[in-house]
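Welcome! Open your viewer, get ready to select residues by number, and follow along one stop at a time.

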Amino acid sequence: QANVIVTCKAPAPCAGNSQTVAISLTVNAAPPQLSVNESLVAFTASPSGSPTSQTLELQNTGGGSVGISSIHPGAPWLNVSGVPGSIPAGQTVPVALSVDPTGLTPGYYRTTVTVVSSTGTTITPVTFFIAANPSIALQPVGAQFQISAGGVPGNAGNSFLVSVSTPTAVSWTASVLPGADWLRVNTPSGTSTSAQPGTVSFSIDSGIAASLAPRAYYARIRVASTGTVNSPLDFEVVLNVAPAGSPLKPAPSPAGLLFLSSGATPAPPQTVQLFSNAAGPIAYQSSVTTADGQSWLSVSPSTGAATPGGAQSQVSVNPAGLAAGVYYGGVNYAFGTAGVRTVNVTLVVEQTAGGSAAPGKFTSNAAGGSCTPTAMAPSHMGLVNNFSAPASWPTPLALQIVNDCGAPIPNAQVVATFSNGDAPLALSVANPSTGLYSGTWTPRHSASQVTITARASAAGFPAVSALLSGSVTPNNAPVLTPNSTLHVFDPQVGSGLGPGTIVQMYGSYLAAQTTVAPSIPLATSLGGTSVIIGGIEAPLYFVSAGQINAQVPFELKAGQQYQVIVNANGALTTPDTIQLTPVSPGIAALPSGTVIAQHGADGSLVTESSPAKPGEYLVMYLAGLGPTDNPVTTGDASPSNPLARPVDAPTLTLGGQPVNIAFAGLTPGLVGLYQANFQVPANAPDGDLTLVLSQDGLPGNSTILPVHK
């Protein structure tokens, strides 16, 4: 309730008179609304691997309370725990999903987890890839840099990790793909194990970078490893050259610092290098802040000049007078009024009862020390506070998690959420020996203020969150929607795709104009846009700003995972991942679910008004039936003599009854399209009957065939 009082000031007859207007504002509670933040939960393991877990984030985006009736998995290999009874308004509750490869053969498994609530039911796909051979992972999968024209980028700490899924050492090579002479790989080869990832160091050639005209430049570092199930993998580097004189922000490295101290013993100081990313030095100021307001953090010098080669800034902590626990702060760097960048600082003051350790050493009971851990201490290491990230470009996120005794926690579940509406991102463990978790965020929604909340949970510890703030600036660069490379006829998120499958993929700024393939064989570039799948350029049917239709190369092997990258006139999307399976049958159907089929006699379309008749031959169209007995080159027209039939022969049922297939194979003269010529059973009843094609035990999408005598 409020009042507005209107008072007359002049002229004299009404001066001083007033009138009161009563105002009533009623705020109604928003209705409860359940939101599941993940579009796909994906697991990868080896046959001899241990059970692994991830979290499914459930959120009440409305008011009141959402009651959870049940959460149940769709397959016996998936387990669910931590089911809440209800979710209060605005709250997010993690539910643990776990898988165990024991007793399962290597392969690709897909199921769903169903959440039944008082506001409705949600279904989230879950996949489980049990790899027969080791797999590799790049953490992160890309990075971006900005300089002004004529400037020199800072090269301190430019690296990424190569992780593998096996304790046995795996060798790999790394090289810059042609077309980016400004990028250098300093670690051309190495080895990795599951306990100790390898590191690829790279740098930007200062002389060449200084001569580049203002625009964005893209490059890929290819990491290849023989015998792994997903080689090769590409690491993307974006170098944005701004016009000369553009205001630049400080570029400190590293983005985060972790100090470990026992009792009153100061931890050794650490160094931050501050780069100008310009042609010459830029004056800077530095200061410190602490979350608790105490003065345990300091930086020296407080002023200086950031140089192209990096100015040295020394950061120190003094735990004197601090109780055992975890403390947070930041070191702020500013170029005049151009903006502030803050290096994240975490201080863990270890317990000293029963003895103490040397500064920076772990003293937990697990390491034979005397400290008993009770809490987790997460530290943002991949991105500075007060960051500014252009949309559509890869932005590394990294979180180092230790306990309050300083020992790393390698078994946490970490999920980053974003206040700008981007989908949550699960961070995977990149280095178990240090407790480092990594992921690549590709911002999709620009916002002047964005908060990143990284929530970590681990057995035996209370859940904890670490926050970052910054902004996402608009950027018209190509970007793929996560997990959006889908079967053209059976578009299920997370489903495997057979070699040769026609796929549809979605995103933004994927092409400068809409272009349809003019001829066969299909070209691998339309209007300057190309698609790279597993390092091979894929044939294209159609490209537009928001959608691309392409063919998965027949040359790729089933049972492996591959990267998908779109190249739009030289600009690259952050890599996405698809899973190849031997086959992925899908039937062409209308949005209503009615199969797209033709009468065999005259080629007219089967409809409700022109239904199929018992005993009649029909033709329907499919995709994803995999390799054929008469191999066909990717992108080429299918042969008519001899015909190309799938190696794995399909089966067909109508209304649950077997159907005779007269022919199944690639449609002559077209690319990637299969057909099935079949006879409607003579005893088929009248009605809309369910038509399902299966292959290698895998059913495709269910469709409807209208039948009438």
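Start by selecting Ser392, which is buried, with a relative accessible area of 4%. Buried here means under 20% relative accessible area, exposed means over 50%, and partly exposed lies in between (1.4 Å probe, protein chains only). Ser392 sits in the loop between strand 31 (387-390) and strand 32 (395-403). Strands (E, at least two residues) are DSSP runs, numbered from the N terminus. Look at the backbone too: phi of Ser392 is near 80 degrees, a positive value in a residue other than glycine.

Before moving on, a word on the model. It is predicted, so local features need pLDDT of at least 70 and side-chain atom pairs count only at pLDDT 80 or more, while totals for chains, interfaces and linings use all residues. Residues are numbered from 1 along each chain as its sequence is written, and side-chain values use heavy atoms, leaving out hydrogens and water.

Next, select Asn277, in the loop between strand 23 (270-275) and strand 24 (282-290). Asn277 also has a positive phi, near 55 degrees, and is buried, with a relative accessible area of 12%.

Now for two prolines. Pro232 lies in the loop between strand 19 (215-224) and strand 20 (233-242), and the peptide bond leading from Ser231 to Pro232 is cis, with omega near 5 degrees. Then go to Pro254, in the loop between strand 21 (251-253) and strand 22 (256-262). The Ser253 to Pro254 peptide bond is cis, with omega near 5 degrees.

Finish at Ser471, in strand 37 (residues 461-473). Which residues is Ser471 in contact with, leaving aside its neighbours within four places in sequence? Select Phe387, Ser388, Ala389, Ala447, Ser448 and Val450 to see them; contact means heavy atoms within 4.5 Å. Ser471 is buried, with a relative accessible area of 17%.

Key
Helices (H or I, at least four residues) and strands (E, at least two) are DSSP runs, numbered from the N terminus.
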